[in-house]
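User: I am new to this structure and would like to know what lies behind the words used to describe it. Please take me through it step by step.

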Amino acid sequence: EEHRTVEGFSLDMADPETKRAIEVDGPFHYLEGASSGEYVVDGSTRFKARLLRTYGWNLANVAFFEWDQKTEAERRQLL
């Protein structure tokens with residue numbers, strides 16, 4: 001279930017008491033490098049992460065292609 005912070009941000013998973021959160025960044029959070037074909041995090045995603053850290057959140061951003069490979073135990077460890 002998504003969490004909305006008091007600052008108005010939506011987070012995929014969060015513990016508001018400790019201000020720890022996980023964002024699983026889907027394909028629309030990335031730009032694909034034309035020459036390399038690698039995924040690059042887009043500017044708005046980077047900006048959101050920077051703002052959340054400014055507000056005291058400990059944020060773990062996980063790429064969709066990495067999240068799918070993690071076990072349930074590994075996913076829980078992130079939070």
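User: Which residues of H1 are buried?

Analyst: This is a predicted model. In H1, the buried residues are Thr45, Ala49 and Leu52. Around the axis they cover an arc of only 65°, which puts them on the same side of H1.

User: What does the face of H1 turned away from the buried side carry?

Analyst: That face carries exposed residues, namely Gly43, Ser44, Arg46, Arg50 and Thr54. To be called exposed, a residue needs over 50% relative accessible area.

User: What do the buried residues of H1 pack against?

Analyst: They pack against four strands: E2 (10-11), E4 (20-25), E6 (39-41) and E7 (58-63).

User: How do you know that the span of helix H1 agrees with its 12 residues?

Analyst: Helix H1 covers residues 43-54, and at 1.5 Å a residue it should span 16 Å. The expected span is 1.5 Å times one less than the number of residues. The end C-alpha atoms of H1 are 16 Å apart, so the two values agree. After H1 comes glycine 56, with a positive phi near 95°.

User: Why is threonine 5 called buried?

Analyst: Buried means under 20% relative accessible area. Threonine 5 has 5% relative accessibility, so it counts as buried. Its place is the loop between strand E1 (3-4) and E2.

User: What is threonine 5 in contact with, leaving aside its neighbours within four places in sequence?

Analyst: Threonine 5 is in contact with Leu11, Leu52 and Trp57. Leu52 is also one of the buried residues of H1.

User: Why is lysine 19 called partly exposed?

Analyst: Lysine 19 has a relative accessible area of 26%, so it is partly exposed. This residue is in the loop between strand E3 (13-15) and E4. Its phi is positive, about 60°, although lysine 19 is not a glycine.

User: What does asparagine 58 touch, not counting residues up to four places away in sequence?

Analyst: Asparagine 58, in strand E7, touches Lys19, Arg20 and Ala21. From asparagine 58 to arginine 20 there are 38 residues in sequence, yet their C-alpha atoms are 4.7 Å apart in space.

User: How far apart are threonine 5 and asparagine 61 in sequence and in space?

Analyst: Threonine 5 and asparagine 61 are 56 residues apart in sequence, and 16 Å separates their C-alpha atoms in space.

User: What share of the contacts in the chain with a separation of 6 or more comes from residues 24 or more positions apart?

Analyst: Such residues account for 52% of those contacts.

Notes: Residues numbered from 1 in each chain as written. Predicted model: local features only at pLDDT ≥ 70, side-chain atom pairs only at ≥ 80, totals over all residues. Heavy atoms only, no water. Helix = DSSP H or I, 4+ residues; strand = E, 2+ residues; numbered from the N terminus. Buried < 20%, exposed > 50% of the residue type's maximum accessible area, 1.4 Å probe, protein only. Arc of directions from axis to C-beta. Contact = heavy atoms within 4.5 Å.
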